[in-house]
Structure formats: structure tokens, C-alpha cells
Amino acid sequence: MSHSSTLLSAPPAAKSLQIGLWIAQVLIFIAFTVFGYMKFFMPIDQLAAMWVWPGDVPPWFLRLMGLIDIAGGIGILLPGLTRVLPRLTVLAALGCVLLQIAAVIFHTSRGELSALPLNAILLPICLFILWGRGKRAPIAPRG
């Protein structure tokens, strides 16, 4: 093997990192699709009984947030799992990071500090996926 080909080939990511990333992707998929489904399909009065903010925002905003959550959850998992355009996983992770930052700002500005622990859990997991799939352990596209 020549020196130049050694420099161009990246070492495979550690198996534990790969496992950790897949676990994180499945967790974010579950969280975002479940919360998205709730925001999109549940009656607003039922959501308002569970969370403070849904009763105080326009219904279109709540439903839009549901669609965005569902898209983020699917985008975190499906492209990597199928290896069809796996780079979309990185873009979905970036979108989920930005969504969590926006959620922290939204809830903080409204004094809804009880909503922040969930964002404090989801944000670092999304950052881990963004870093891992973007830099350290990208998924190769299907042959």
C-alpha cells in the first residue's frame, strides 16, 4: 500500500462509537417521532393538560412543530439505516440541534423552565450524532 493511499483512507471508527451512535439515533428517532405525533395528532386541550405551552400557541404552530419533529426523527435514522443519501442524517442532526436551541430560547423566554430538562437531554444527544456521523463515523452510501 502506498503512502498516499494510507493518508487518504480514514481509520474505521471504533465499534463502541458505532454502537453508541446507533443507540443515540434510535433514541432520537423515538423521542422526536413520538413527540411529533403527539403535537400533530393529539387534541390541543389534552396536550395542554400534559405540557404548559401547547394551549398558549396558535394551533398551526403546534402542528408545524409536530411535522418538524417527525421529519427530524425520521431523518436521523432512515438515511443511515438504508444507506440511501446517508449525509441526510447529518443534516437532520443539525436541524435537530437547531430545533433544540430554538426550544430552549422559546421556553426560557416564556418562563417555562420546567420544559428545559428534556431539551437538556435531547440537545447533547443530537450534538453527539452530528459530530459522530459528520466527522468521526460517517455512514457510507450504498454501493
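Me: What share of the 143 residues of the chain counts as buried, and what makes a residue buried?
Reply: In this predicted model, 34% of the 143 residues of the chain count as buried. A residue is called buried because its relative accessible area is under 20%.

Me: How do you know whether His-107 is buried or exposed?
Reply: The relative accessible area of His-107 is 7%. The limit for buried is under 20%, and therefore His-107 is called buried. His-107 is found in helix α5, which covers residues 87-109.

Me: Which residues are in contact with His-107, once its neighbours within four places in sequence are left aside?
Reply: They are Trp-53, Glu-112, Ala-115, Leu-116 and Asn-119. Each counts as a contact of His-107 because contact means heavy atoms within 4.5 Å.

Me: Why is Tyr-37 called partly exposed?
Reply: Tyr-37 has a relative accessible area of 48%. Buried requires a value under 20% and exposed a value over 50%, with partly exposed in between. The value for Tyr-37 therefore places this residue in the class called partly exposed.

Me: How many aromatic pairs does a search of the whole structure find?
Reply: The search finds eight aromatic pairs. One of them is formed by Tyr-37 and Phe-41.

Me: What makes Tyr-37 and Phe-41 an aromatic pair, and why is the pair called tilted?
Reply: The ring centres of Tyr-37 and Phe-41 are 4.7 Å apart, and rings pair if their centres lie within 6.5 Å. The angle between the planes is 40°. Stacked needs planes under 30 degrees apart and edge-to-face over 60, so the pair of Tyr-37 and Phe-41 is tilted.

Me: Why are Tyr-37 and Phe-41 separated by about one helical turn?
Reply: The reason is that they stand four residues apart in helix α2, which covers residues 15-41.

Me: Which residues form one aromatic cluster?
Reply: The cluster is formed by Phe-35, Trp-51, Trp-53, Trp-60, Phe-61 and Phe-106. Trp-53 is also among the contacts of His-107.

Me: How do you know that the charged end of Arg-133 sits over the ring of Trp-22?
Reply: The charged end of Arg-133 is 4.8 Å from the centre of the Trp-22 ring. The distance limit is 6 Å, and the charge must also be within 35 degrees of the ring normal. The distance meets its limit, and Arg-133 is listed as sitting over the ring.

Me: How many helices and strands does the chain have?
Reply: The chain has six helices and zero strands. Along the sequence, the pattern reads α-α-α-α-α-α.

Key:
Residues are numbered from 1 along each chain as its sequence is written. This is a predicted model: local features need pLDDT of at least 70, side-chain atom pairs count only at pLDDT 80 or more; totals for chains, interfaces and linings use all residues. Side-chain values use heavy atoms; hydrogens and water are left out. Rings of Phe, Tyr and Trp (its six-membered ring) pair if their centres lie within 6.5 Å; planes under 30 degrees apart count as stacked, over 60 as edge-to-face and the rest as tilted. Helices (H or I, at least four residues) and strands (E, at least two) are DSSP runs, numbered from the N terminus. Buried means under 20% relative accessible area, exposed over 50%, partly exposed in between (1.4 Å probe, protein chains only).
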